[in-house]
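Welcome! Take a moment to look over the sequence and the 3D view before reading on.

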Amino acid sequence: MQSLPVKMESQIADWLTDLGISQSPEDITELYLAKRKITTLPDCIGELQNLQKLILWSNKLLELPSTICTLSNLRVLDLRGNQLEKLPEEIGELSTLQTLRLQKNRLQTVPDSLSQLSCLSVLTLSENQISSLPQTLSDMPQLHSVLLNKNHLSRLLDDTLESLIEQLTLFPN
């Protein structure tokens, strides 16, 4: 395993210590940071290369650092109940991501790069401000659960959704 540059290693270790986490960064595979009133994530979060599950629900995040998209082993990303207005375009680089929970944010759009998440099977976008979905969503046949209720979708059965209808659960918008 490649070691972190000393400065970055110090930053991630300091951040983890501030959170009350004593584990070494390379030993962390799951990080539960729900309900901690976190408003920002440091860029050094991308250094947690063994991280598989990142739980950040019910915080006050306004945005995500693009470095979060370098977490090459991440399988679960739970960001529900924050204040996110957009996702980094690099989100599609999370090649092992299986579950992405984004309900109860302020998202108006989702990036086209979402379709690059070849392992994604669960996508929750409920209770946002999304008015349309990217056409590329139809290129994700591995999705088996997509929740879109309580958004601003003007049409539920457009070209994007027709190809997913067997895998899609829609509630009133």
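Is Asp-78 buried or exposed? Asp-78 is buried, because its relative accessible area is 4%, and the cut-off for buried is under 20%. Please keep in mind that this is a predicted model.

Asp-78 also has a partner: its side chain meets that of Arg-80 in a salt bridge, with 2.8 Å from N to O. A search of the whole structure finds 1 salt bridge. The two residues compare like this:

| Residue | Relative accessibility | Class |
|---|---|---|
| Asp-78 | 4% | buried |
| Arg-80 | 30% | partly exposed |

Now let us step back to the whole chain. The chain has 2 helices and 6 strands, arranged along the sequence as α-β-β-β-β-β-β-α. Of its 173 residues, 44% count as buried. The accessible surface of the chain is about 9,000 Å², and carbon and sulfur atoms account for 45% of that. Looking at contacts between residues at least 6 apart in sequence, 25% join residues at least 24 apart.

What about the interior? In soluble globular proteins, nonpolar side chains tend to be buried together. Here the largest nonpolar core holds 46 residues, and the members touching the most others are Trp-15, Leu-31, Leu-48, Leu-54 and Leu-77. Helix α1, residues 6–18, supplies the largest share of this core, with 3 residues.

Setting aside neighbours within four places in sequence, Leu-31 is in contact with several residues, including Trp-15, Leu-48 and Leu-54. Among its other contacts are Leu-16, Ile-21 and Lys-53.

Note on methods
Residues are numbered from 1 along each chain as its sequence is written. This is a predicted model: local features need pLDDT of at least 70, side-chain atom pairs count only at pLDDT 80 or more; totals for chains, interfaces and linings use all residues. Side-chain values use heavy atoms; hydrogens and water are left out. Helices (H or I, at least four residues) and strands (E, at least two) are DSSP runs, numbered from the N terminus. Buried means under 20% relative accessible area, exposed over 50%, partly exposed in between (1.4 Å probe, protein chains only). Contact means heavy atoms within 4.5 Å. Accessible areas come from the Shrake-Rupley method with a 1.4 Å probe; for residues, only the protein chains shown count as cover. A nonpolar core is a set of buried Ala, Val, Leu, Ile, Met, Phe, Trp, Tyr and Cys residues joined through side-chain atoms within 4.5 Å. A salt bridge is a side-chain nitrogen of Lys or Arg within 4 Å of a carboxyl oxygen of Asp or Glu.
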